[in-house]
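Have a look at the model, then work through the steps.

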Amino acid sequence: MADKASENDVNTTDTISEPGRRAFLTTTGLTAVGAYAGMSIPFGDNLKALAQGMSESDIMAGKEGLILMNDRPLNAETPAHLLDDDVTPYEHFFVRNNGMVPDTALDMDAEGWTLTIDGEVDTPLELSLADLKEKFEVITQRLVLECGGNGRAFFTPGASGNQWTTGAVGCADWTGVRLSDVLNAAGIKDSAVYTAHYSNDPHLSGDPEKEAISRGAPIEKALAEGSMIAWEMNGAPIPAVHGFPLRVIIPGYPGSASQKFLTRIWIRDQEHDGAKMTGYSYRLPAYPVAPGTEVPEEDMVVMTEMPVKSLITHPQSGTQTPSGEATEVRGHAWAGSGDIDAVDVSIDFGATWTPAKLEPAKNKFAWQRFRADVTLPEAGYYEVWARATDKNGVAQPPVVPGWNPRGYGNNMQHRIAMIAT
Ligand SMILES: Nc1nc2c(c(=O)[nH]1)N[C@H]1C(S)=C(S)[C@@H](COP(=O)(O)O)O[C@H]1N2
Ligand SMILES: [Mo]
């Protein structure tokens, strides 16, 4: 390990791609993460990181302004005002790991990487990155990725896990191939029910027998528009923490379905039961329950489509603005169903609403920009609330919806403070 570490020393390597290089060479992320969280970054114990004398904050270097939730595994969310871009840049894209970042990703080493497609297929495939790039049509899609637990911090009683507030979401341009093209090349049998995704990120225990996470999607969703296998994020190789060299993306579903560091897709004849598919992980009660209910495990069902949501990304909460003058309030709206019908804003705690201007999505499952001019009538404290409605007429609720044991799917209306002077 010592040999390997020196081989890949940050100062000697010249093979890593641009985002990887920046991640290794800049120190802005390091200070920004620490400063924002108001604490020093504890030394993490990712094996490779230790071997290279890298702390978790080194792995996160290049990230700017993220709030650290946990350093083992590494999880960080983005403040709303840093998500204002149409396309979330690497610097501001949240990070959610269940295990450790694998050595292959830290090294940006894709040598000999293969993706296996097997199970309920006519012809199992073993595809190199070159095969993927040559044999299938290459597409770029702008897709939202949101953690199923985004908004968990607002549930009462609280739920264990990362206390995500609003920032476990991002929308990037992903380049790769349609998942359907790859699965159809293998030939999907009638017995196919579910995909099962595998990767090489080590379990936190270091036990090679254990998976950090292995989730999947119903076969219909895997074959549907949007679902893809990507190797580029925003025009560059997928950076280490986001799944180098390959990840699946199941847009509109909890982010956990979008396996990073992808090595295998096993087509199953039943719902997948891999790590974090069972028990209470990424599952909701099959019926509405009172807050704090102990729901029997057998009554928990896999979370699928994410609910309709919006986020105010400008101005930053707490901003001062002159009374009587219009200020542009803007943000993004998205839904697991893929289409937003309207966004409305309120400056009177939801008593009255005004329609915002809504831009079309670049493609299905991209978030949509909304803008509204807001005039605060007199000096004082205001809140601006945003409410998105999807094409099915379903709108965001004003309060935390559907309590569930692990705090998933909170799509309550986002609100910011604005001070009129
Ligand atoms: N291999 C692997 N894939 C994974 C995870 C992981 O821990 N390991 N975390 C999942 C979860 S829970 C989420 S929300 C997204 C986060 O993606 P990001 O870190 O690129 O933002 O990746 C998903 N894919
Ligand atoms: Mo997640």
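A cavity is a set of points, on a 1 Å grid over the protein atoms alone, where a 1.4 Å probe fits but cannot get out; lining residues have an atom within 4 Å of a point. Points are joined across faces, edges and corners, and volume is the space filled by probe spheres set on them. The model is predicted: local features need pLDDT of at least 70 and side-chain atom pairs 80 or more, while totals for chains, interfaces and linings use all residues. Residues are numbered from 1 along each chain as its sequence is written.

**Exercise 1.** Describe the second largest cavity: what is its volume, and which residues lie nearest its centre?

*Solution.* 
Step 1: the space comes to about 110 Å³.
Step 2: of 13 lining residues, Val144, Gly252, Trp334, Ala335 and Gly336 sit nearest the centre.
Step 3: sort the lining by class, with Ala, Val, Leu, Ile, Met, Phe, Trp, Tyr, Cys and Pro nonpolar, Asp, Glu, Lys and Arg charged, and the others, Gly among them, polar. That gives nine nonpolar, three polar and one charged.
Step 4: domain 2 (114-302) and domain 3 (309-420) each supply at least three lining residues, the bounds coming from an automatic or database domain assignment.

**Exercise 2.** Work out the order of the strands in the open sheet of four.

*Solution.* 
Step 1: strands are DSSP runs (E, at least two residues), numbered from the N terminus, and two of them pair if DSSP finds at least two bridges between them.
Step 2: the order reads β15-β17-β21-β20, with antiparallel pairing.
Step 3: β15 (309-314) and β20 (357-358) are the edges, each pairing on one side only.
Step 4: β20 meets β21 (residues 368-375) over two bridges, and leucine 358 faces phenylalanine 370 there.

Note on methods. Chains are lettered from A and ligands numbered from 1 in the order in which they are written. Side-chain values use heavy atoms; hydrogens and water are left out. On a 1 Å grid over the protein atoms alone, a cavity is a set of points where a 1.4 Å probe fits but cannot get out, and a pocket is an open set with protein on both sides within 12 Å along at least five of seven lines; lining residues have an atom within 4 Å of a point.
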